[in-house]
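Colleague: I'd like to learn how to read the inside of a protein model. Could you walk me through this one?

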Amino acid sequence: MELRHKICIIGAGPAGLVLANILNNAGIDCIVLDRRGRDEITKCHRAGLIDHRSLLALKKHNLAQGLLQYGQPHTICEFRMSQVDFLLEYTQLSGGAMHYIYPQQELIKDLIQNFEQAHGTIRFNTEATFVINENGAEVEYYDKKQKNSKRMACDFIAGCDGFHGISRRSVPSTHARIFERYYDSSWLAILAEAPPSANHIIYALHPNGFAGHMLRSDKVSRYYLQVKNTDDVNNWPDERVWTELELRLGKEGWRLIQGEILEKQIIPMRNFVIEPMQYQRLFLAGDSAHIITPAGGKGMNLAIQDSLVLGELFVGHYRGDFSADLNAYSSIRLPDIWHAQEFSSSFLDILSRSNDAFETDLFTRKLNESRLLQLRDNPLVATDFSKKYAGAMADPHHYAYGN
């Protein structure tokens, strides 16, 4: 048995690393385990949209230096559909809340650097294989380099290792309720070494399905194409990808800038929430506790906000603050998670065509057109959407911002 740690964090993604930095900065002993190597973690291209509340959380704990220095603030997005084409100035409508475009891997690098410079310990290539969560907490793990297994005792376990990790699977089915929704289409996600073709995000609705133009940096762009669930990435050679993006995103006078495609993957559209997000001494955060569709860019932001709440509860617990009730973690976070799920699901409904008939589903097409016109013409609808999109909705719990 190793020396005891107060908190063992499983997973070095946004949730785990934000939590680790909060705890370490407060002088609370913790350790991070991740089955992946450092290079794999820091080169993983995924999310890139930081919303208003996540920015506040990162700033509060001095974790936003790189984001503020190198991130790109964004205040508008564009919607395109047949004859409907307009810009939504969501920052103006939300009272000043904006997004920052900052690739997830860059935020991960910042968080690792901050943690290690403050003498925090991350064990890469170390896979948690078993969780003991009765009469105390222990984590059994396998060190891939030393090729041996050990056990670590701790006060609490923070499961930040994603949907397929050991943490979520360690919650008994008799204790948890699972809420899931699966959609009849998927998104083909494309990462290309190509400058953005616009200085803002574009959401395009087309008879062939949704297409998205996202920004990552001045040299790299992310795109999405709605595809059928039965599709395969091998059916999408580079030439077909660019042709379909040009078709679905295209409008008069606009040009799609092409480049080398670096990555392609098909992402099923689904929602998942586990309730509660805690079992005895095990707490779940990020994708371990909930999965959300990419529509609206809420996944990484929910992970950051989970860790803010959990980190501040842990800090309060160890400092003897009786108001910091660890058992309140789920009740604090779940309302906000469900608000995000509702927003993302509703947004996806606007963007997507029926998978059964992309070309002939005229009813859904007219519904989506009506929704877009309300977003363009109805100030109340536009303001409500903008606040949710930018992450400006008020949170009733003081942990989300601190005092």
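**Reading the core**

Modeller: Start with the largest nonpolar core: of its 79 residues, Ile-9, Leu-23, Ile-50, Leu-58 and Phe-314 touch the most other members. A nonpolar core here is a set of buried Ala, Val, Leu, Ile, Met, Phe, Trp, Tyr and Cys residues joined through side-chain atoms within 4.5 Å, and buried means under 20% relative accessible area (1.4 Å probe, protein chains only). Helix 9 (residues 299-318) gives this core its largest share, 10 residues; helices are DSSP runs of H or I, at least four residues, and strands are E runs of at least two, numbered from the N terminus.

Colleague: Which residues is Ile-9 in contact with, leaving aside neighbours within four places in sequence?

Modeller: In general, nonpolar side chains tend to be buried together in soluble globular proteins. Here the partners of Ile-9 include Leu-19, Leu-23, Val-32, Leu-33 and Cys-160, with contact meaning heavy atoms within 4.5 Å. There is also a second, separate core of 33 residues, with Met-81, Tyr-90, Ala-97 and Ile-350 among them.

Colleague: What can I trust, and how is it numbered?

Modeller: This is a predicted model, where local features need pLDDT of at least 70 and side-chain atom pairs count only at pLDDT 80 or more, while totals for chains, interfaces and linings use all residues. Residues are numbered from 1 along each chain as its sequence is written, and side-chain values use heavy atoms, leaving out hydrogens and water.

Colleague: And what percentage of the chain's residues count as buried?

Modeller: Of 403 residues, 56% do. The chain has 12 helices and 19 strands, and its C-alpha trace spans about 65 × 45 × 45 Å along the principal axes.

Key
Buried means under 20% relative accessible area, exposed over 50%, partly exposed in between (1.4 Å probe, protein chains only).
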